[in-house]
Amino acid sequence: MEFIYYFGEVFTPISMLLLIGGTIGGLILGATPGLSPTMAVALLIPFTFHLQPVHGLILLGAAYTSTVAGGAVSAILLKIPGAPANIATTLDGHTMAKNGEGARALQLSFISSLIGGVFGVFLLIFLTPVLAQWALAFGPSHLFWLAVLGVTVIGSLESSSVVKGLLSGCIGMWLATIGFDDMLGVQRFVFHNSVAGGVNIIPALIGLFAIPQVISMFAKGRFDTSVEQIKVQKHSVGKAFREVFGRFRALSIGTITGSIIGLIPGVGGQIAGLVAYDQSKKFSPEKAKFGTGHPEGVIAAESANNAMVGPSLVPLLTLSIPGSPTAAVLLGGLLIHGIFPGSDLFENHPQVAWPFINSMLIGQVLMCIFGIYIASFAARVAQVPQSVMAATVLGLAVFGSYAVQQSMGDVYVMAALGAGMYFLERFGFSAAPLVLGLILGPIAEGNFVEGSMIANATDGIFPYFFGGALNLFLIAIVVLSIGYSLMSELATKREARS
Amino acid sequence: MNYAQHRIASGVILVVAAWVCWISFTQQPAEAFLFPRIISVAFLALSVVTFIKAMLRQTKVGAGLSFEAMKNMLPGLAVAIIYIFWAAKTLGFYTSSTIVFFILLSLYDPSPNNELKTWIKRAVITAGFTAIMYALFAVLLNVFTPRGMFI
């Protein structure tokens, strides 16, 4: 119950201001098609650089929570999911809106998000210290394998092809080795002055997530993107609350499914909504109503999306393995403030870790309140033309990358990585494993070097890295995750052929 | 078209992987390149697999790049490259950002170019963007951006 002692920090004026700003901004960004939660959080990181770590993380946490929920606004009112996580919401949410029940759909969506989100954050609160205690037993060899596991899990689950996912992870790990070697101070792979000090994580994140979106918008050319927004009629919030609890089956399926999916590193929210929607439909006596504007579809999908947010941070805060691409970006946010997630996070930085987690709890409530009342406004903002969006994101990316170290080199790195990522994405590669490789690369190398020194003084490298139950367990998970993904890929290919 | 493009992309990645591998195994001191050597071997092996799969047409190729998309993105990319690699430093961040924002709006905004209203709207949006960026970065975050000839 340690978290209760740190609630006071969330209610200071600056924290509340950031929490409210992050929530409203996140709702609007989330509602904007093309701006994914990951990209929104990446673009916000430079602003946190000038804040105290706890305040920076409160802002990022609020944005993460509300961008996921905000994506439902455009899914319901415009039939355009704000993020991949909101695809399932479109199925029934937009039909409800077309039937004149837009306000009801939005209220159900935000209330379900609130309940799912609060459940998810409570899981984060109670599971994290337990796992963190367990993680205390981890030595350099285990941490090395954990970093490898993080890259391989995301690499094999996030990409269309396992080989390409792993290759992206390798590219990220190689990028992380550019610059000075920490042990000997030797320069490695410095082919341009801009990377003499290494690839800074924040410009890299901005480039990898924002620039491909900008180029994609350019590629669409001059075309009218205006979409008709459905008008929202008034609906009683109290009735919506009663309805959400009245449809307990859909709510519990969504919440539990989302929480479990969030805990699995690498799976993320993209599939939480779809899996919960599918399960809710299977268990419902009103299966036929799904897809025709059934409230249970919205409740299951949206409770799952937000229930995933808290648990996706459990592996991040305890083992440094992000549960989703957005959690990977949050890891970048933690690292730039000198906070290394892991077993000692709650011992060394409780004044940062607990207020951050607590703020996500309060953020869920604010997200619901603001979501219900500014949904119509957010949907109007979401109709901003692509041309304005592309130019704004480009400007923010340039200013944001420069602001981190006030270096033009960072801007060049951001642009080069972003352009490269756009072309890689066109050929089936994914940014998430590359980012994971970039973030986890130094952790893997640091622990590999430390482990090698210990190994040389003891039994040798092979027994040190490949011996012991925990090492073997982690290696087995690495092999299993790659093997499972390869088998799934082969099965899909066979199905496609037949 | 996609397969041909995919082969080129896989080939480029293979060349980069080979270069990384070569540097890792030829540079000294060896201790500093121990971890990059491990990574580069995996990098090269996976690149070879990707390249072979691309040559044998046994891989998902992604959406690729259509001629239409390339034609559409070219002006925007050219403006972005000039902005990032020359104008931002030479003209100053705020001046170049304002000009680039206005050019990008003019290039990609579907509103009719022959109406005065369109140009006024673009100018107002551009001014709003510059004002917000200035407020955020210069006033709020105190970031000193390159001034160049202007600001």
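Which helices do the buried residues of H4(B) pack against? They pack against H8 (201-220), H18 (386-405) and H19 (408-426) of chain A, together with H3 and H5 of chain B.

## Ground rules

This is a predicted model, where local features need pLDDT of at least 70 and side-chain atom pairs count only at pLDDT 80 or more, while totals for chains, interfaces and linings use all residues. Residues are numbered from 1 along each chain as its sequence is written, chains are lettered from A and ligands numbered from 1 in the order in which they are written, and side-chain values use heavy atoms, with hydrogens and water left out.

## H4 of chain B and its partner H5

H4(B) covers residues 93-108. Helices here are DSSP runs (H or I, at least four residues), numbered from the N terminus. H4(B) has 16 residues and reaches 22 Å from its first C-alpha to its last, close to the 22 Å expected at 1.5 Å a residue; the expected span is 1.5 Å times one less than the number of residues. Its buried residues (under 20% relative accessible area, 1.4 Å probe, protein chains only) include B:Phe93, B:Ser96, B:Val100, B:Leu104 and B:Tyr108.

H4(B) packs with H5(B) (residues 116-140) at about 145 degrees, their axes 9 Å apart. Axes are lines fitted to C-alpha atoms over the stretch in contact, and angles run from 0 to 180 degrees between N-to-C directions. The crossing is right-handed, that is, the near helix is turned clockwise from the far one by less than a right angle. Contact (heavy atoms within 4.5 Å) involves, among others, B:Phe101, B:Phe102 and B:Leu105 of H4(B) and B:Trp119, B:Phe129 and B:Met133 of H5(B). By class, there are twelve nonpolar, five polar and one charged residues in this contact. Nonpolar covers Ala, Val, Leu, Ile, Met, Phe, Trp, Tyr, Cys and Pro, charged covers Asp, Glu, Lys and Arg, and the others, Gly among them, are polar.

## B:Ala88, touching both chains

B:Ala88 sits in H3(B), residues 67-90, and is buried at a relative accessible area of 0%. Leaving out residues up to four places away in sequence, B:Ala88 touches A:Met408 as well as B:Tyr83, B:Phe93, B:Ser96 and B:Pro146. Its C-alpha is 17 Å from that of B:Ile132, 44 residues apart along the chain.

H7(A) (residues 162-177) holds A:Ser168, which counts as buried at 1% relative accessibility. Beyond four places in sequence, A:Ser168 touches A:Phe429, A:Ser430, A:Pro433 and A:Leu434.

H7(A) and H20(A) (residues 431-457) pack at about 50 degrees, with axes 7 Å apart. That makes them oblique to each other, as angles under 35 degrees count as roughly parallel, over 145 as roughly antiparallel, 65 to 115 as roughly perpendicular and the rest as oblique. H7(A) passes H20(A) in a right-handed crossing. Among the residues making the contact are A:Gly165, A:Gly169 and A:Gly172 of H7(A) and A:Gly437, A:Gly441 and A:Pro442 of H20(A). The class tally is nine nonpolar, seven polar and one charged residues.

Ten of the twelve residues of H15(A) are buried, so H15(A) is largely enclosed by the rest of the structure. Among the buried ones are A:Pro325, A:Val329, A:Leu331 and A:Leu334. The twelve residues (325-336) should span 16 Å, and the end C-alpha atoms are 17 Å apart, which agrees. Just after H15(A), A:Gly338 takes a positive phi of about 75 degrees.

A:His142 is in H6(A), residues 140-158, and is buried at 15% relative accessible area. Not counting residues up to four places away in sequence, A:His142 touches A:Ala137, A:Leu470, A:Asn471 and A:Leu474.

Notes. Helices (H or I, at least four residues) and strands (E, at least two) are DSSP runs, numbered from the N terminus. Buried means under 20% relative accessible area, exposed over 50%, partly exposed in between (1.4 Å probe, protein chains only).
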